[in-house]
Amino acid sequence: MRSVNECFDNVKEDYFKFLNKEKILGKSKAEKIKSLKKIYIPISFWIENKYKKKGETLILGFSGGQGSGKTTVTGILKIILKKFFKRRIHVSSIDDFYKTLEDRNKISNKIHPLLKTRGVPGTHDINLVKNFFNIIRKKKFKKIKLPKFEKAMDNRLEKKYWFNIKQKPEIVILEGWCVGARPQSNSLIRKPVNVLEKYEDRDLIWRKYVNEKLKKEYKKLFAMIDHFIFIKIPNFNMVFKWRFLQENKLKKRSHLKKKTMSFHEIKRFIMFYQRITLQMTKDLSKSASIVMLLKKNHEIKKILFKS
């Protein structure tokens, strides 16, 4: 059986390159080595075992509050699973499946103005994700194109920029803040969790619409996922802090002249996510196969393997 040390020697160079590219600074080399050995490699071994047990494409859901580090963690897992375990792996972000700006404008005019803002269930094209999952479940795989969303433009890119999946993946990770979210009871829906809900959704139309989406389309989609991995944030206040850092990163990276969000815009934006993020912290902490506990300094305190 292959060991953690063998895996470490095999992937360490790519791991450090990736951290530099992602500008993960502020941590000593010793801390980075410890994270690789104690967190990312054990999770990768767990994924490999689940894949072998299933014997066909394994679909994983990966979620956590905004700015919790989902993209970084999945990027590291991809390196290990590809390089050491030689697996064909595809990581999809649920963000890439957002409905076009035109479609969101239509539903915001027809149902509620808050639906123009991307993020909540009901603003994704769930049929595109389900279609992808159905294709990879079939014995005969046909190549597929998957959408790509540009956040700085707040719109889906043209088809020529989409992801080309030419070979059937052995492991698929769907990452996103609401992956695995469950609906709430009507009594919980009635009570506003912030000023956005209190003053801009007085009649509960937006909240009820989002909740109905979780009860139906999203429930069907999440039922297609084999296992969930969840990053548990210490509290919701950290979402604002981390999202602010993320926005600054986006500002530096974006090749477009489109402006990114200001301090007050971020504050308002995360209110759209608050209700579901808080509910997911309760639900996924119990139901996810792996729970990663985050500290306030953004470091992973420990990982809990539940199944």
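Some housekeeping: because the model is predicted, local features need pLDDT of at least 70 and side-chain atom pairs count only at pLDDT 80 or more, while totals for chains, interfaces and linings use all residues. Residues are numbered from 1 along each chain as its sequence is written, and side-chain values use heavy atoms, with hydrogens and water left out.

Okay, helix α1, residues 4-21. Helices here are DSSP runs of H or I, at least four residues, numbered from the N terminus. Just after α1, K23 has a positive phi of about 60°.

Which residues of α1 are buried? They are C7, F8, V11, Y15, F16, F18 and L19, where buried means under 20% relative accessible area with a 1.4 Å probe, protein chains only. They pack against α2 (29-54) and α3 (70-83). C7 is at 0%, and C178 is at 0% too. Disulfides, meaning cysteine sulfur pairs within 2.5 Å, come to zero.

Now the core: buried Ala, Val, Leu, Ile, Met, Phe, Trp, Tyr and Cys joined through side-chain atoms within 4.5 Å. The largest has 92 residues, and those touching the most other members include Y40, I47 and M292. Leaving out residues up to four places away in sequence, I47 touches L58, L60, L77, L81, I171 and I229, with contact meaning heavy atoms within 4.5 Å.

How values were computed. Helices (H or I, at least four residues) and strands (E, at least two) are DSSP runs, numbered from the N terminus. The expected span of a helix is 1.5 Å times one less than its number of residues. Buried means under 20% relative accessible area, exposed over 50%, partly exposed in between (1.4 Å probe, protein chains only).
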